[in-house]
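Thank you for asking me to look through this model with you. The notes below are set out as numbered points, so that each can be read with the structure open beside it.

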Amino acid sequence: MEDYHEIALREAVNWVCLNFKPIGIIVSGSIVRGNPDSNSDFDIFVIHEDGFRQRIQKYFNGIPCEIFINNFEHVYGYFEKEYENNRPVSAHMISTGKVVIGEDNSDIKRLIQSAREFLLKTPLLTEDKIIRIKYAISTLFEDATDVMDTDPVTSTYFLNKLIGDIIDYVFLSNRIQCPRAKERIKYLEVNYPDIGKLIAGYYSAENFRDRYGIAKSLVDKTIGEYGFFEWDSGQDQVAPPPPEAI
(Lines give C-alpha, C1' and ligand atoms only; values in the text may rest on other atoms or scores of the structure.)
Protein backbone atom coordinates (compact mmCIF):
# COMPACT_ATOMS: atom_id res chain seq x y z
CA MET A 1 0.00 0.00 0.00
CA GLU A 2 1.34 3.45 -0.92
CA ASP A 3 2.18 5.94 1.84
CA TYR A 4 -0.73 8.22 0.94
CA HIS A 5 -3.08 5.23 1.13
CA GLU A 6 -1.70 4.33 4.56
CA ILE A 7 -2.26 7.90 5.75
CA ALA A 8 -5.82 7.92 4.38
CA LEU A 9 -6.67 4.64 6.05
CA ARG A 10 -5.20 5.74 9.36
CA GLU A 11 -7.20 9.00 9.23
CA ALA A 12 -10.39 7.10 8.35
CA VAL A 13 -10.00 4.61 11.20
CA ASN A 14 -9.27 7.41 13.68
CA TRP A 15 -12.34 9.29 12.50
CA VAL A 16 -14.53 6.19 12.87
CA CYS A 17 -13.24 5.55 16.38
CA LEU A 18 -13.97 9.16 17.38
CA ASN A 19 -17.54 9.06 16.05
CA PHE A 20 -18.63 5.47 16.72
CA LYS A 21 -17.89 2.58 19.06
CA PRO A 22 -16.47 -0.08 16.74
CA ILE A 23 -15.98 -3.67 17.83
CA GLY A 24 -14.36 -4.41 14.52
CA ILE A 25 -13.25 -2.57 11.39
CA ILE A 26 -12.64 -4.47 8.16
CA VAL A 27 -11.23 -2.67 5.14
CA SER A 28 -11.56 -4.04 1.62
CA GLY A 29 -11.24 -2.94 -1.98
CA SER A 30 -8.65 -2.87 -4.73
CA ILE A 31 -6.23 -0.80 -2.63
CA VAL A 32 -6.16 -3.53 0.01
CA ARG A 33 -5.94 -6.26 -2.64
CA GLY A 34 -2.92 -4.52 -4.16
CA ASN A 35 -4.34 -3.65 -7.58
CA PRO A 36 -5.61 -0.08 -7.25
CA ASP A 37 -6.12 2.50 -9.99
CA SER A 38 -6.51 6.26 -9.84
CA ASN A 39 -10.20 5.97 -8.90
CA SER A 40 -9.84 3.28 -6.21
CA ASP A 41 -11.40 3.80 -2.80
CA PHE A 42 -11.54 2.10 0.57
CA ASP A 43 -14.62 0.07 1.54
CA ILE A 44 -14.76 0.13 5.33
CA PHE A 45 -17.09 -2.20 7.24
CA VAL A 46 -17.57 -1.00 10.80
CA ILE A 47 -19.15 -3.46 13.25
CA HIS A 48 -20.68 -2.05 16.40
CA GLU A 49 -23.29 -3.13 18.95
CA ASP A 50 -25.76 -0.26 18.53
CA GLY A 51 -29.07 -0.83 16.75
CA PHE A 52 -28.66 1.62 13.88
CA ARG A 53 -27.01 1.21 10.53
CA GLN A 54 -25.46 4.02 8.54
CA ARG A 55 -23.56 4.59 5.31
CA ILE A 56 -21.08 7.42 4.92
CA GLN A 57 -18.99 8.56 1.94
CA LYS A 58 -16.07 10.75 2.96
CA TYR A 59 -12.59 11.72 1.75
CA PHE A 60 -9.49 11.11 3.85
CA ASN A 61 -6.17 12.41 2.55
CA GLY A 62 -7.84 12.76 -0.85
CA ILE A 63 -8.93 9.10 -0.99
CA PRO A 64 -12.67 8.37 -1.18
CA CYS A 65 -13.92 6.05 1.54
CA GLU A 66 -17.26 4.25 1.74
CA ILE A 67 -18.04 3.49 5.36
CA PHE A 68 -20.73 0.95 6.29
CA ILE A 69 -21.84 1.03 9.95
CA ASN A 70 -23.70 -2.13 11.02
CA ASN A 71 -24.14 -4.52 13.90
CA PHE A 72 -23.67 -8.28 13.63
CA GLU A 73 -27.36 -8.96 13.02
CA HIS A 74 -27.39 -6.57 10.08
CA VAL A 75 -24.35 -8.17 8.45
CA TYR A 76 -25.58 -11.74 8.84
CA GLY A 77 -28.84 -10.55 7.32
CA TYR A 78 -26.91 -9.18 4.33
CA PHE A 79 -25.21 -12.55 3.88
CA GLU A 80 -28.57 -14.33 3.72
CA LYS A 81 -30.32 -11.81 1.47
CA GLU A 82 -27.41 -11.47 -0.93
CA TYR A 83 -27.11 -15.23 -1.13
CA GLU A 84 -30.79 -15.47 -2.11
CA ASN A 85 -30.17 -12.86 -4.83
CA ASN A 86 -26.85 -14.43 -5.93
CA ARG A 87 -25.02 -11.20 -5.07
CA PRO A 88 -22.57 -12.01 -2.24
CA VAL A 89 -21.22 -8.46 -2.02
CA SER A 90 -20.92 -8.20 1.77
CA ALA A 91 -19.50 -11.70 2.12
CA HIS A 92 -16.84 -10.91 -0.48
CA MET A 93 -15.89 -7.61 1.16
CA ILE A 94 -15.60 -9.11 4.63
CA SER A 95 -13.88 -12.35 3.63
CA THR A 96 -11.25 -10.64 1.47
CA GLY A 97 -10.76 -7.55 3.63
CA LYS A 98 -8.09 -6.61 6.14
CA VAL A 99 -9.06 -6.49 9.81
CA VAL A 100 -7.67 -3.31 11.32
CA ILE A 101 -9.62 -3.43 14.59
CA GLY A 102 -10.97 -6.58 16.27
CA GLU A 103 -8.57 -9.14 14.85
CA ASP A 104 -8.61 -11.10 18.13
CA ASN A 105 -12.34 -10.69 18.73
CA SER A 106 -14.05 -14.09 18.56
CA ASP A 107 -17.28 -12.63 17.14
CA ILE A 108 -15.37 -10.90 14.35
CA LYS A 109 -13.55 -14.15 13.60
CA ARG A 110 -16.89 -15.99 13.35
CA LEU A 111 -18.25 -13.26 11.08
CA ILE A 112 -15.30 -13.61 8.70
CA GLN A 113 -15.59 -17.41 8.73
CA SER A 114 -19.29 -17.14 7.95
CA ALA A 115 -18.52 -14.79 5.04
CA ARG A 116 -16.07 -17.33 3.62
CA GLU A 117 -18.63 -20.11 3.95
CA PHE A 118 -21.26 -18.08 2.09
CA LEU A 119 -18.82 -17.57 -0.77
CA LEU A 120 -18.47 -21.35 -1.07
CA LYS A 121 -22.19 -22.03 -1.15
CA THR A 122 -23.84 -23.05 -4.39
CA PRO A 123 -26.43 -20.48 -5.50
CA LEU A 124 -30.07 -21.28 -4.79
CA LEU A 125 -31.66 -22.56 -7.96
CA THR A 126 -35.29 -23.59 -8.28
CA GLU A 127 -37.43 -24.17 -11.32
CA ASP A 128 -39.70 -21.37 -10.16
CA LYS A 129 -36.80 -18.91 -9.99
CA ILE A 130 -35.58 -19.88 -13.47
CA ILE A 131 -39.07 -19.50 -14.92
CA ARG A 132 -39.46 -16.05 -13.38
CA ILE A 133 -36.17 -14.86 -14.86
CA LYS A 134 -37.14 -16.27 -18.25
CA TYR A 135 -40.48 -14.46 -17.97
CA ALA A 136 -38.73 -11.16 -17.23
CA ILE A 137 -36.26 -11.55 -20.11
CA SER A 138 -38.85 -12.62 -22.67
CA THR A 139 -41.18 -9.78 -21.64
CA LEU A 140 -38.40 -7.22 -22.02
CA PHE A 141 -37.53 -8.56 -25.45
CA GLU A 142 -41.18 -8.47 -26.50
CA ASP A 143 -41.45 -4.85 -25.30
CA ALA A 144 -38.25 -3.91 -27.14
CA THR A 145 -39.59 -5.52 -30.33
CA ASP A 146 -42.95 -3.76 -30.05
CA VAL A 147 -41.38 -0.29 -30.22
CA MET A 148 -38.19 -0.95 -32.20
CA ASP A 149 -39.50 0.72 -35.38
CA THR A 150 -41.30 3.64 -33.75
CA ASP A 151 -39.13 4.39 -30.71
CA PRO A 152 -35.62 2.87 -30.87
CA VAL A 153 -34.55 4.84 -27.79
CA THR A 154 -37.19 3.17 -25.63
CA SER A 155 -36.43 -0.14 -27.31
CA THR A 156 -32.77 0.28 -26.30
CA TYR A 157 -33.92 0.99 -22.74
CA PHE A 158 -35.66 -2.40 -22.66
CA LEU A 159 -32.71 -4.14 -24.30
CA ASN A 160 -30.25 -2.73 -21.77
CA LYS A 161 -32.33 -4.11 -18.92
CA LEU A 162 -32.63 -7.42 -20.78
CA ILE A 163 -28.85 -7.78 -21.11
CA GLY A 164 -28.42 -7.26 -17.36
CA ASP A 165 -31.00 -9.97 -16.66
CA ILE A 166 -29.30 -12.33 -19.12
CA ILE A 167 -25.98 -11.86 -17.31
CA ASP A 168 -27.72 -12.77 -14.04
CA TYR A 169 -29.40 -15.75 -15.69
CA VAL A 170 -26.14 -17.20 -17.04
CA PHE A 171 -24.51 -17.17 -13.62
CA LEU A 172 -27.56 -18.50 -11.80
CA SER A 173 -28.44 -21.22 -14.33
CA ASN A 174 -24.84 -22.48 -14.18
CA ARG A 175 -24.93 -22.31 -10.36
CA ILE A 176 -22.08 -19.82 -10.18
CA GLN A 177 -22.04 -17.02 -7.64
CA CYS A 178 -22.20 -13.69 -9.43
CA PRO A 179 -18.82 -11.93 -9.19
CA ARG A 180 -18.31 -8.22 -8.67
CA ALA A 181 -19.93 -6.05 -11.35
CA LYS A 182 -16.52 -5.01 -12.69
CA GLU A 183 -15.60 -8.64 -13.33
CA ARG A 184 -18.80 -10.17 -14.74
CA ILE A 185 -18.42 -9.57 -18.47
CA LYS A 186 -14.74 -10.49 -18.46
CA TYR A 187 -15.59 -13.68 -16.56
CA LEU A 188 -18.20 -14.62 -19.16
CA GLU A 189 -15.85 -13.82 -22.05
CA VAL A 190 -13.28 -16.23 -20.61
CA ASN A 191 -15.53 -19.00 -19.29
CA TYR A 192 -18.59 -18.77 -21.59
CA PRO A 193 -17.09 -17.11 -24.68
CA ASP A 194 -20.06 -17.74 -26.98
CA ILE A 195 -22.20 -15.63 -24.63
CA GLY A 196 -19.57 -13.33 -23.17
CA LYS A 197 -18.35 -12.12 -26.55
CA LEU A 198 -21.91 -11.37 -27.64
CA ILE A 199 -22.49 -9.34 -24.48
CA ALA A 200 -19.26 -7.39 -25.02
CA GLY A 201 -20.31 -6.89 -28.64
CA TYR A 202 -23.68 -5.55 -27.57
CA TYR A 203 -22.14 -2.80 -25.46
CA SER A 204 -19.60 -1.87 -28.13
CA ALA A 205 -22.10 -1.89 -31.03
CA GLU A 206 -22.46 1.50 -32.69
CA ASN A 207 -26.04 1.32 -33.95
CA PHE A 208 -29.41 0.19 -32.69
CA ARG A 209 -30.03 -2.54 -35.28
CA ASP A 210 -26.77 -4.28 -34.37
CA ARG A 211 -27.62 -4.12 -30.66
CA TYR A 212 -31.08 -5.51 -31.30
CA GLY A 213 -29.68 -8.37 -33.38
CA ILE A 214 -27.12 -9.25 -30.71
CA ALA A 215 -29.79 -9.15 -28.00
CA LYS A 216 -31.95 -11.51 -30.06
CA SER A 217 -29.02 -13.92 -30.42
CA LEU A 218 -28.44 -13.81 -26.65
CA VAL A 219 -32.08 -14.55 -25.93
CA ASP A 220 -31.89 -17.47 -28.33
CA LYS A 221 -28.70 -18.85 -26.73
CA THR A 222 -29.97 -18.52 -23.16
CA ILE A 223 -33.72 -18.80 -22.60
CA GLY A 224 -34.91 -19.49 -26.14
CA GLU A 225 -38.22 -17.70 -25.53
CA TYR A 226 -39.45 -14.60 -27.37
CA GLY A 227 -42.37 -12.92 -25.66
CA PHE A 228 -45.41 -14.87 -24.52
CA PHE A 229 -44.94 -18.44 -23.38
CA GLU A 230 -47.16 -20.85 -21.49
CA TRP A 231 -46.53 -20.96 -17.75
CA ASP A 232 -48.41 -21.91 -14.61
CA SER A 233 -46.99 -20.63 -11.31
CA GLY A 234 -48.77 -23.37 -9.33
CA GLN A 235 -50.62 -22.85 -6.08
CA ASP A 236 -49.40 -21.69 -2.66
CA GLN A 237 -46.18 -20.25 -3.97
CA VAL A 238 -44.85 -16.71 -3.89
CA ALA A 239 -47.21 -14.51 -5.85
CA PRO A 240 -46.41 -14.39 -9.58
CA PRO A 241 -44.92 -11.12 -10.85
CA PRO A 242 -47.53 -8.41 -11.47
CA PRO A 243 -48.12 -7.12 -14.98
CA GLU A 244 -45.93 -4.17 -15.89
CA ALA A 245 -47.40 -0.93 -17.14
CA ILE A 246 -46.66 -0.59 -20.84
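1. What volume does the largest pocket have? In this predicted model, the volume of the largest pocket comes to about 850 Å³. The pocket is lined by 35 residues, and those closest to its centre are Asp43, Val89, His92, Met93 and Arg180.

2. If you wish to trace where this lining comes from, begin with the elements that give two or more residues to it, which are the helices α2 (30-33) and α4 (89-96) together with the strands β2 (42-47), β3 (54-60) and β4 (63-70). Sorted by class, the lining of the largest pocket holds 12 nonpolar, 11 polar and 12 charged residues.

3. The next points turn to pairs of helices.

4. Helix α3 (residues 72-84) packs with helix α5 (residues 106-120) at an angle of about 5 degrees, and their axes are 11 Å apart. Because angles under 35 degrees count as roughly parallel, α3 is described as roughly parallel to α5. On the α3 side the contact is made by Phe72, Val75, Tyr76, Phe79, Glu80 and Tyr83, while α5 brings Asp107, Ile108, Arg110, Leu111, Ser114, Ala115 and Phe118. By class, this contact of α3 with α5 has 9 nonpolar, 1 polar and 3 charged residues.

5. For helix α6 (residues 127-146) and helix α10 (residues 208-222), the axes come within 11 Å and cross at roughly 155 degrees. Since an angle over 145 degrees counts as roughly antiparallel, α6 and α10 are placed in that class, and their crossing is left-handed. The contact joins Ile137, Phe141 and Thr145 of α6 to Tyr212, Ala215, Lys216 and Val219 of α10, and its residues divide into 5 nonpolar, 1 polar and 1 charged.

6. The residues that make the contact are Ile167, Val170 and Phe171 from α7, with Arg184, Ile185, Tyr187 and Leu188 from α8. Divided by class, the contact of α7 with α8 has 6 nonpolar residues, no polar ones and 1 charged.

How values were computed: Residues are numbered from 1 along each chain as its sequence is written. This is a predicted model: local features need pLDDT of at least 70, side-chain atom pairs count only at pLDDT 80 or more; totals for chains, interfaces and linings use all residues. Side-chain values use heavy atoms; hydrogens and water are left out. On a 1 Å grid over the protein atoms alone, a cavity is a set of points where a 1.4 Å probe fits but cannot get out, and a pocket is an open set with protein on both sides within 12 Å along at least five of seven lines; lining residues have an atom within 4 Å of a point. Grid points are joined across faces, edges and corners, and a volume is the space filled by probe spheres set on the points. Helices (H or I, at least four residues) and strands (E, at least two) are DSSP runs, numbered from the N terminus. Ala, Val, Leu, Ile, Met, Phe, Trp, Tyr, Cys and Pro count as nonpolar, Asp, Glu, Lys and Arg as charged, and the others, Gly among them, as polar. Contact means heavy atoms within 4.5 Å. Axes are lines fitted to C-alpha atoms, for helices over the stretch in contact, and angles run from 0 to 180 degrees between N-to-C directions. Angles under 35 degrees count as roughly parallel, over 145 as roughly antiparallel, 65 to 115 as roughly perpendicular and the rest as oblique. A crossing is left-handed if the near helix is turned anticlockwise from the far one by less than a right angle, and right-handed if clockwise.
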